[in-house]
Amino acid sequence: MPIVDAPRAGAVPNPTPPTGFAIELALGGHGELSNPIAVEFAPDGSVFVAQKNGIIKRFDGIGDPTPQTFADLRTEVFNYADKGMLGLEVDPLFTSTRPYVYAAYAYDAPPGEVAPYWGDACPDPPGPTTEGCATTARVVRFTDTGSYPAAAPTILIDGTNGSWCHQFPSHTVGHLEIGPDGMLYVSSGEGANYNLVDYGQLPAGSPTNPCDDPADEGGALRAQDARTSSDPQSLDGSILRVNPDTGAAPSDNPYAASADANRRRVIAYGMRNPYRFTFSIDGDHLYATDVGWTEWEEINRVDLTNTGASAVENFGWPCYEGPAFENSYRSAAIAVPLDVCLDLETDVTDPPDAPFISYNHTDDVITGDGCDGANGSAATGVAFYAGGDYPAQFDGAMFLADFARSCVWVVYPDGNLDPDWDDRQLFLDHGRFITDFETGPGGDLFWVNSGAGRIERVRHYAGNRPPVAVIGANVTSGPIPLSVNFDVNASYDADPGDGIASVAWDLDGDGAYDDSTSFTPNVVFDDPGRVIVGLRVTDQNGATDTDAISIDPAETPPVPLITGPASSVVNGVQIADDLAAVGDDISFAGVALDNQDGVVATSGYRWELSQQHCVAQGGCHAHLLQTFEGVASGTFAVPDHAYPTWLELTLFATDSADLTASQTLRIDPLTATLSVTSNPTGLRITVDDTTSRTPFNRTVVAGSAHSIAPIEPQEASGQIFAWQQWSDAGTRSHSFTVPAGGQSISGTFASTGPAPSAYDYRIASLDGRTEVFAKNRHRTEAQSLQTPPLGAAASTPSRDGFWRASTIGRVAASGDAKRYGDLLARQRTAPVVDLESTETGLGYWMLLADGSVYAFGDAEFRGQPTPGQVGLRAVAIGRSPSGRGYWVTDAAGHVFDYGDARWRGSLAQSIHAPVVDLAPMPDSQGYWLLTEQGVVAAFGTATNLGSKVTASRAVALLATPSGDGYWMLMATGAIWDFGDAPRYGRWTRGSRPITLF
């Protein structure tokens with residue numbers, strides 16, 4: 001089926017690669033590259049590849065098997081965990097007047113020190129994620145003179161003075177590109193702790209904060225330095241625009257008038273880890289992938305056509321993640337307080353910019369695409385296809401890669417050549433761990449498949465695609481005579497109806513495919529010496545492909561053996577006998593024996609230490625921490641990490657015949673139990689990135705650090721509670737370490753008074769006016785919406801305040817309600833139809849007519865109907881009383897449940913009038929649906945207390961706190977009361993009433 005007819009969002013996609021496309025090896029794949037991270041194509045046909053360890057390889061062109069070392073910065077590059085050399089760029093005028101190659105890397109020294117300082121390791125103390133082995137960063141420029149390695153580079157941006165300070169082992173300097181304007185653009189993460197809330201308080205005690213930030217403005221909050229004036233501007237969590245000759249800010253940058261040289265460089269900030277970026281086809285926008293924390297991945301768009309300081313865009317991290325406030329940082333912001341986030345939250349003149357695209361870690365990017373977030377999420381590649389041999393529909397399309405999901409999607413352009421997120425398609429499913437996209441010869445897309453050590457090319461064939469040759473062999477080495485059974489079983493042709501028609505073998509290594517045409521030849525090798533066996537396959541249309549494999553008669557691979565730490569085999573896995581706590585120094589040793597060499601020389605040893613990062617959905621992916629070259633033994637410190645996790649130590653041994661084998665040892669963590677309680681019980685407390693009700697237990701790694709903060713104010717058992725103290729005497733928001741024996745922390749809360757009785761109601765009208773009706777009071781609230789008409793309203797749980805949202809998503813707050821965010825124009829896909837408060841009153845959800853749900857403040861996004869599910873239109877959202885879920889209903893009577901909200905039934909039968917509202921039961925066991933006719937339908941434990949079928953149209957339904965009654969609002973303003981709902985009054989004003997809350 002042609003790709004133009006392939007299913008798009010909301011449907012199960014075709015198998016990949018799509019029809020007409022082939023993924024081909026361009027460079028590497030046979031040991032030429034070690035952990036490649038970025039690729040660049042020069043105008044003269046040469047190709048540059050940056051390795052994470054600080055080496056830049058230069059290839060003469062695609063297919064070159066023997067690259068040269070263009071540069072070697074290993075003594076300067078801090079190659080540990082996610083840090084290393086990550087950015088690479090070739091000047092567009094490389095072959096004329098500017099033979100320059102640019103690189104960005106983590107510099108192996110803290111601020112004010114000289115590399116090599118840590119030496120690609122992080123001992124404990126200070127510990128990689130305990131106190132942090134702080135590093136800085138550099139951007140440099142090499143000149144290609146044709147003599148390699150190249151001479152020492154020119155330093156364009158030297159972060160050793162603290163301009164960059166990355167305390168923890170991730171989110172370092174990232175991407176480089178020369179923009180359409182000839183300026184050099186640079187991205188950088190914020191270098192904060194990824195295990196817990198980090199606002200510069202780490203390590204606990206004194207001294208703290210090796211990055212020398214002001215109190216409560218460090219850690220992830222360095223990404224908000226542009227909003228603070230108490231310290232110099234850092235470059236963390238930002239995108240820079242600089243002169244490629246000097247590294248200084250050009251005079252037309254938005255902050256060009258600033259006295260701070262770093263501030264002048266910044267064009268966007270408030271990002272966690274903008275790993276890669278690219279430019280739109282017209283050059284007007286920059287699109288950056290921002291790798292998220294626990295909830296959201298973002299693609300942020302920077303408008304390059306705006307000028308002046310107001311043009312600098314702030315994407316909100318760590319105060320915001322995705323479309324809403326980041327809940328863990330918000331808890332800390334209130335508790336500390338973190339003024340940066342609190343000020344940003346209430347800034348109506350310069351609110352944060354929402355991501356252009358965001359997707360939740362628990363959701364499919366496309367329903368049924370098989371690329372779920374079970375192994376985590378990490379948006380690591382983005383590129384636009386500018387034109388070439390691909391079908392015309394791809395012209396201007398955005399390609400997006402997620403490293404953890406190991407998938408690629410294509411987002412097609414709309415009429416304005418902007419990426420249309422509603423028009424997306426799976427392009428390639430699992431198997432590619434992509435760290436960079438680039439456009440290469442012919443306009444084709446190339447990507448770095450880092451885990452496989454390959455640069456791959458995405459090609460399109462208008463007609464027949466060539467087959468893919470893969471040699472199978474039962475053995476590749478051994479004593480002579482060596483009998484080898486070859487096969488082509490893994491070879492294939494992706495075209496429907498096509499297949500492998502014939503094969504030809506080069507079995508003697510002379511380069512001629514003239515030795516056999518069998519699909520399963522057997523060859524006996526009698527003489528020692530390596531033979532390169534080749535295979536050529538031909539499909540039914542005459543297209544060919546080749547593969548090669550090394551056969552080593554009279555040789556056997558070495559047998560590596562990890563001798564320490566002591567270990568045992570459990571279910572086929574080599575596991576260390578002792579469990580490891582954070583900060584433990586692990587001594588390792590090994591030996592490799594070879595039938596030909598005896599003991600393999602230590603120069604042939606390579607050790608890799610990696611950490612498995614596991615997520616709530618149950619999957620894991622590996623992060624390479626560090627390598628040890630040419631040693632038989634060594635030590636490393638166990639890093640802190642969220643549980644579940646484990647370490648993997650692998651010994652690779654290569655003998656004199658260049659045969660390699662490996663052994664892997666799994667080192668499991670020593671765990672401890674963190675118990676959290678409260679007095680009174682049942683209150684909500686945030687630990688690290690998750691908020692839970694007490695009492696709760698967490699399994700953690702012994703010795704690991706954690707952050708804790710209360711949710712306040714909060715309501716329970718009819719009372720409003722505020723935090724008083726922790727049992728460990730810590731401050732309201734603080735960090736602590738859990739010892740091997742576990743730890744218990746209890747929070748004491750005090751009642752500040754009873755929760756107000758809520759037997760009242762409000763009516764809001766189309767023009768934004770609101771009237772309050774209660775036993776002894778009645779008042780009118782003045783209209784405060786700047787952009788009516790009113791779309792929705794919701795009360796705070798205390799009933800002392802409320803929000804009103806216009807149909808375009810502008811929010812106004814009254815009383816004790818605080819404004820947590822608006823729906824920005826580029827997010828809006830349909831009018832706002834309903835608003836719902838969280839249980840705490842510290843956030844709200846917004847529902848659009850197409851079923852889209854947006855979360856603000858401490859509201860957590862739980863899901864939304866996929867395109868096509870909503871019938872006539874979405875009309876109401878109702879919160880489950882726990883605050884952990886909600887229901888959405890549409891006018892056709894369908895009910896969708898998310899989080900802990902449970903489906904109790906729908907008006908699936910034909911209804912005589914559309915549904916206009918949903919009112920949940922206070923016990924979360926049921927709900928009512930109201931139709932426009934005034935008919936009430938009850939589901940679950942909800943009891944039908946009555947309907948009111950009149951000539952007037954019903955518009956809203958509101959349950960009493962007891963669940964034994966409800967009010968019904970009619971379009972005339974009349975109120976009908978049922979059960980224990982008292983009638984206090986009716987709407988008497990001129991504008992049409994639209995909601996009851």
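A disulfide is here a pair of cysteine sulfur atoms within 2.5 Å. By this rule the count comes to five disulfides. The structure is a predicted model, in which local features need pLDDT of at least 70 and side-chain atom pairs count only at pLDDT 80 or more, while totals for chains, interfaces and linings use all residues. Residues are numbered from 1 along each chain as its sequence is written, and side-chain values use heavy atoms, with hydrogens and water left out.

## Disulfides

With bonded cysteines counted along the chain, the disulfides follow the pattern 1-2, 3-4, 5-6, 7-8, 9-10. The table lists some of them.

| Disulfide | S to S distance |
|---|---|
| Cys122 and Cys133 | 1.9 Å |
| Cys165 and Cys211 | 2.0 Å |
| Cys319 and Cys341 | 2.1 Å |

A disulfide joins Cys122 to Cys133. Cys122 lies in the loop between strand 7 (100–107) and helix 1 (127–131), and Cys133 in the loop between helix 1 and strand 8 (136–143), so this link ties together parts that are eleven residues apart in sequence. Helices (H or I, at least four residues) and strands (E, at least two) are DSSP runs, numbered from the N terminus. The torsion about the S-S bond of Cys122 and Cys133 is about 90 degrees, so the disulfide is right-handed. Both Cys122 and Cys133 are buried, where buried means under 20% relative accessible area, exposed over 50%, and partly exposed in between (1.4 Å probe, protein chains only).

Cys165 and Cys211 form a disulfide that links distant parts of the chain, 46 residues apart. Cys165 is in the loop between strand 9 (154–158) and strand 10 (173–178), and Cys211 is in the loop between strand 11 (184–188) and strand 12 (238–242). The torsion about the S-S bond of Cys165 and Cys211 is about -75 degrees, so this disulfide is left-handed. Cys165 is buried at a relative accessible area of 1%, and Cys211 is buried at 12%.

The link of Cys319 and Cys341 is left-handed, with -85 degrees about the S-S bond. Cys319 lies in the loop between strand 17 (313–314) and strand 18 (320–321) and Cys341 in helix 4 (residues 339–345), so the pair ties together parts that are 22 residues apart in sequence. Cys319 is buried at 0% relative accessibility, and Cys341 is buried with a relative accessible area of 0%.

## Aromatic rings

Rings of Phe, Tyr and Trp (its six-membered ring) pair if their centres lie within 6.5 Å; planes under 30 degrees apart count as stacked, over 60 as edge-to-face and the rest as tilted. A search of the whole structure finds 46 aromatic pairs. One of them is stacked, because the ring centres of Phe78 and Tyr80 are 5.8 Å apart and their planes are at 25 degrees. Phe78 is buried, with a relative accessible area of 1%, and Tyr80 is buried at 1% relative accessibility.

Phe394 and Phe427 form an edge-to-face pair, 6.3 Å centre to centre with 80 degrees between the planes. Phe394 lies in the loop between strand 21 (379–384) and strand 22 (398–402) and Phe427 in strand 24 (residues 419–428), so the pair ties together parts that are 33 residues apart in sequence. Phe394 is buried at a relative accessible area of 0%, and Phe427 is buried at 0%. Phe394 and Phe427 belong to one aromatic cluster with Phe21, Tyr385, Tyr390, Phe399 and Tyr412.

## Charges over rings

A charge sits over a ring if NZ of Lys or CZ of Arg is within 6 Å of the ring centre and within 35 degrees of the ring normal. The charged end of Arg138 sits over the ring of Tyr107, 4.2 Å from its centre. The charged end of Arg141 sits over the ring of Tyr100, 4.5 Å from its centre.
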